[in-house]
Amino acid sequence: MPSKRYKKALEVVDKSKSYPLKSAVEVLTKFPKAKFNETVDLAFRLGVDPKQSDQMVRGTVPLPHGSGKTVRVLVFAKPGSTAADAAKAAGAEHVGFDDMIKQCVEGWPDFDVAIATPDAMSEVRKLGKVLGPRGLMPNPKTGTVTEDTAKAVREVKAGRVEFKIDKAGNIHVPVGKASFAPPQIEENARAVIEAVNKAKPPSVKGIFIQSCTLSATMSPAVRVDVRDIVAAA
């Protein structure tokens, strides 16, 4: 049963309409607020077949205004190495190798992003069954397998977000918090839309972004018309 707040939000949005991005953000900010700082999210329905390896869509994008989330970072690096020292200096909450691998095997959940040096991956790769389902496996394509651990730590803490298609052909990406000013949400969302559009696999024909919606954690979705953004890109 929808709450009174949700019903009031439904009165603000025209569910049959696709709004230009700026208008979609304006509609979202008119919704009644929850008692906590909701996450604002973009959801995409893509015209791809996720079962085809050449139609995988994934990537990262730096949000101009950050994600509004405190990101806890774990870095797998050999103790005493330059990469380990640099990661600590850049603000990583957890840095280590054998000890961190052991804690992950035991189900340790206290981090949001995992970064690894290339030489650490021979052992970290064995954590695939543990980190993979949680979307935490370091990957060169997303910049989380690198010698430059300091740069990677700074980027994820500043608001670099990762996106990856799911089994149903959808992508969900956080673009900020409800407390953000409308222009901040709009600029973050535009950056994500452009990044997803650029990630279109060469083998995909026809309309790539079939639908896009903007919503907060407890709100209805607002349909976004992305045609002008895609055309400009």
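Two strands count as paired if DSSP finds at least two bridges between them. I take helices (H or I, at least four residues) and strands (E, at least two) as DSSP runs, numbered from the N terminus.

**Entry 1. Ground rules.** I note that the model is predicted, that local features need pLDDT of at least 70, that side-chain atom pairs count only at pLDDT 80 or more, and that totals for chains, interfaces and linings use all residues. Residues are numbered from 1 along each chain as its sequence is written, and side-chain values use heavy atoms, with hydrogens and water left out.

**Entry 2. The sheet.** I looked up the strand order and found an open sheet of five strands, S1-S10-S9-S2-S8, with mixed pairing. Strand S1 (19-20) and strand S8 (170-177) each have a single partner strand and stand at the edges, so one side of each lacks a neighbour in the sheet. I recall that strands of a sheet pair through backbone hydrogen bonds, either parallel or antiparallel.

**Entry 3. Strand S2 and its partners.** I then followed S2 (residues 39-46). S2 runs antiparallel to strand S9 (residues 209-216), and seven bridges join the two. S2 and S8 are also antiparallel, and seven bridges join them. I listed individual partners:
- Asp41 stands opposite Ser215 in S9.
- Leu42 stands opposite Val173 in S8.
- Ala43 has His172 as its bridge partner in S8.
- Ala43 has Thr213 as its bridge partner in S9.

**Entry 4. Cover over the strands.** Here I use buried for under 20% relative accessible area, exposed for over 50% and partly exposed for what lies in between (1.4 Å probe, protein chains only). Six of the eight residues of S2 are buried, so the strand is largely enclosed by the rest of the structure. S8 is mostly covered, with six of its eight residues buried.

**Entry 5. Helix H8.** I checked the span of H8 (residues 182-198), which has 17 residues. From first C-alpha to last, H8 reaches 24 Å, close to the 24 Å expected at 1.5 Å a residue. The expected span is 1.5 Å times one less than the number of residues. The buried residues of H8 include Ile185, Ala189, Val192, Ile193 and Val196. Glu186, Asn188 and Asn197 are among the buried residues of H8 as well.

Entry 6. How many aromatic pairs does a search of the whole structure find? I found one. Rings of Phe, Tyr and Trp (its six-membered ring) pair if their centres lie within 6.5 Å; planes under 30 degrees apart count as stacked, over 60 as edge-to-face and the rest as tilted. The ring centres of Trp108 and Phe111 are 5.2 Å apart and their planes stand at 50°, so this pair is tilted. Both Trp108 and Phe111 are buried.

I next looked for charges over rings, which requires NZ of Lys or CZ of Arg within 6 Å of the ring centre and within 35 degrees of the ring normal. The charged end of Arg134 sits over the ring of Phe111, 5.4 Å from its centre. Lys78 lies over the face of Phe97, at 5.0 Å from the ring centre.

**Entry 7. Cysteines.** I looked for disulfides, meaning a pair of cysteine sulfur atoms within 2.5 Å, and the structure holds zero. Cys104 is buried at a relative accessible area of 1%, and Cys212 is buried at 3%.

Entry 8. For contacts I count heavy atoms within 4.5 Å, and I leave aside residues up to four places away in sequence.

Thr117 lies in the loop between strand S6 (113-116) and helix H5 (121-124). Its relative accessibility is 2%, which counts as buried. Thr117 touches Phe76, Ala77, Ala83, Val145, Thr146, Glu147 and Thr149.

Asn139 lies in the loop between helix H6 (128-131) and helix H7 (149-158). Asn139 is buried, with a relative accessible area of 16%, and is in contact with Arg58, Thr144 and Val145.

Ala9 has its place in helix H1 (residues 4-12) and is buried, at 3% relative accessible area. Ala9 touches Phe31, Pro32 and Pro220. I also noted that the C-alpha atoms of Ala9 and Glu187, 178 residues apart along the chain, are separated by 23 Å.
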